[in-house]
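Work through the exercises below with the structure open beside you, and try each task before reading its solution.

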Amino acid sequence: MKRATLRSRLILGFAYITVPLVLLLLWNNTYAMDVVHSQVSLSNKNLTRMYMSQIDQVLEDLENYVFKTASQDNELISLSTYDKDNPDAYLAKVRTLNNLYINTNYYRNVDALFAYNAKQGELLMAAQQDVTHERKQSIKARLDQLMAEGEQGNEGLFRSWMLIQHDGQYSLVRVVDTGYKSYVGAWIDIARLMVPLNLLHLGTDGQALFLSKEGIPLTHAADPRFNGEAPLAVWKKSGKESGKPYKIVQLWEKFLLVIQPSAKTDIQLVVMIPEHNLLEGLAWFQRLTYYVPLLAVLILVLYLLFLQRSIYKPITQLITGMRRIYSGDLSVRFTNNGLMEFRVIGETFNTMVKQIEVLKIDVYEEQIRTQRAELKHLQAQIHPHFFMNSLNIVYNLAQTRQFDIIQQMAIHLVKYFRFAIRTHAASTTMKEELEHIASYLGIQQVRFPETLDFAIHLDPELESCRIPPSTILPLVENAMIHGFTVKPGERFSIEVCVKPDGTEGSAVLIEVRDNGRGFGSEPLARLQASAFFDSQPDEHIGLWNVVRRCKFYYKSGVRVAIGNGEVSGAVVTLSVPRCEEEE
């Protein structure tokens, strides 16, 4: 998982503040638009409800009139009781027609009032004065057709206001049967009901019109675009939906759609207002809202540039300096002339670096002193170990009174201890080291004259090489202690070989080989593990001391290999850097 950075945290913090504000602003803009839509639609809804209520009232008044006339007008009732040539029939027609004309003056929203004598198939019609003669004839012809259909069983004509289409116009017709083969009714063109609606202020592109319950326009819109297929599809769909008092529809632009159905007949009053007319006062606020995210991004960029210069760059310099110090470069210094806090941090940082530099020198010198003391201590650990073995050998020889061998043993011991007591020497030559090994093995051969052989090989060019004292001796001692075995017809043999390392010309290869019992599988696995030399073990301390002293002396380039011979015995190989001068 990628770790968080200061820059990402700053961006995230800025986002936590700005994003909710931007979202709140966008929501507020949307809410304001919705409130405007709701208020305007509610206002227009109330207005359309008022107009539709007035229209329903007109239809109800006309319906009451025709019902009252059908039940109380004796002249109308008697139309079908007289024969065609009866003078009373003529008077009844004149009085009925006069009554119809009188009532057209009272009901100004009606185009025509009519009476029909079913017995004689005669239609009496009184139209408004503003109705043209051609329109009167057209209405009369259509009424004759409708009444004939009613006589033939068209019951829908007598139930309620009937919506019909005639000569490209839509009209409402209401017919009531008197029960005496005569009828009375009213005819209203939908276009006449639109007259008061034309006074509504709906904007430059707004429109009010009547629709059927199927969503078909009943009046022609002033804007020809409203007579196309797209508005028709919207009206058909919207007429079947309910819920909100308004709806936003998309035509060639967005419109606020308000629909109010009639309670008296199957028509609906529709008002469509362009949305841009509603939001004229909010246009600049909308545009500002759309630019707010861009403004927020611009502010974020400036904010990051400011932080980059004043905060992030100094912190980056400080982190880079810390990493250089971690890698060992104590010459780095932090300089910043910006904020006061960073100046204080810089001064503190530089003081700490100086203190670390001084402390590191002190620690290094102390480590050198400690290593030298430990080196001498490790070197001294070898002396008591061999001293006790030597005394034991001399004691055994004295018991057997072998004085010549005791003299030979004494010479070996003098050489051995003369070399061993030089504890002040940090190193010795390879030649002196191997002479010391020869003294040790000579002492051991005195002890085991019949069973021990040894051989020492030294490349002449390595005689002057420097090595820590008693480096090879513990390896030879281990061969004697752990590998010594007596086999019938075979002598125990130790071979010490010192030669240049064939793989690295600057190294010396020291090999100690014997033909004894060798290493067991489990001890060999522990010795070959890389973790064996990391901490002081409970066993094989001599071998661990050798490697430890060499690492103290050479610092690096010390390698050790431990294994068994191809036939028998153990092989220990130590590789150290070639050093000609005393450390």
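**Exercise 1.** Find which residues are in contact with Met430, leaving aside its neighbours within four places in sequence.

*Solution.* In this predicted model, start at Met430 and look for heavy atoms within 4.5 Å. This search gives Leu458, Leu462, Glu463, Cys465, Ile467, Ile472, Val498, Val508 and Ile510.

**Exercise 2.** Decide whether helix α13 (residues 473-483) is mostly covered or mostly open, and list its buried residues.

*Solution.* Count first: eight of the eleven residues in α13 are buried, and the helix is thus mostly covered. Then name the buried ones, which are Leu473, Pro474, Leu475, Val476, Glu477, Ala479, Met480 and Gly483.

**Exercise 3.** Classify the ring pair of Tyr106 and Tyr107, and say of each residue whether it is buried or exposed.

*Solution.* The structure holds six aromatic pairs. In the pair of Tyr106 and Tyr107 the ring centres are 4.7 Å apart and the planes stand at 85°, so this pair is edge-to-face. For accessibility, Tyr106 has a relative accessible area of 61% and is exposed, whereas Tyr107, at 16%, counts as buried. Phe484 and Phe492 also form an edge-to-face pair, with 5.0 Å centre to centre and 70° between the planes, and both of these residues are buried.

Methods: Residues numbered from 1 in each chain as written. Predicted model: local features only at pLDDT ≥ 70, side-chain atom pairs only at ≥ 80, totals over all residues. Heavy atoms only, no water. Phe/Tyr/Trp six-rings, centres within 6.5 Å; stacked < 30°, edge-to-face > 60°. Buried < 20%, exposed > 50% of the residue type's maximum accessible area, 1.4 Å probe, protein only. Helix = DSSP H or I, 4+ residues; strand = E, 2+ residues; numbered from the N terminus.
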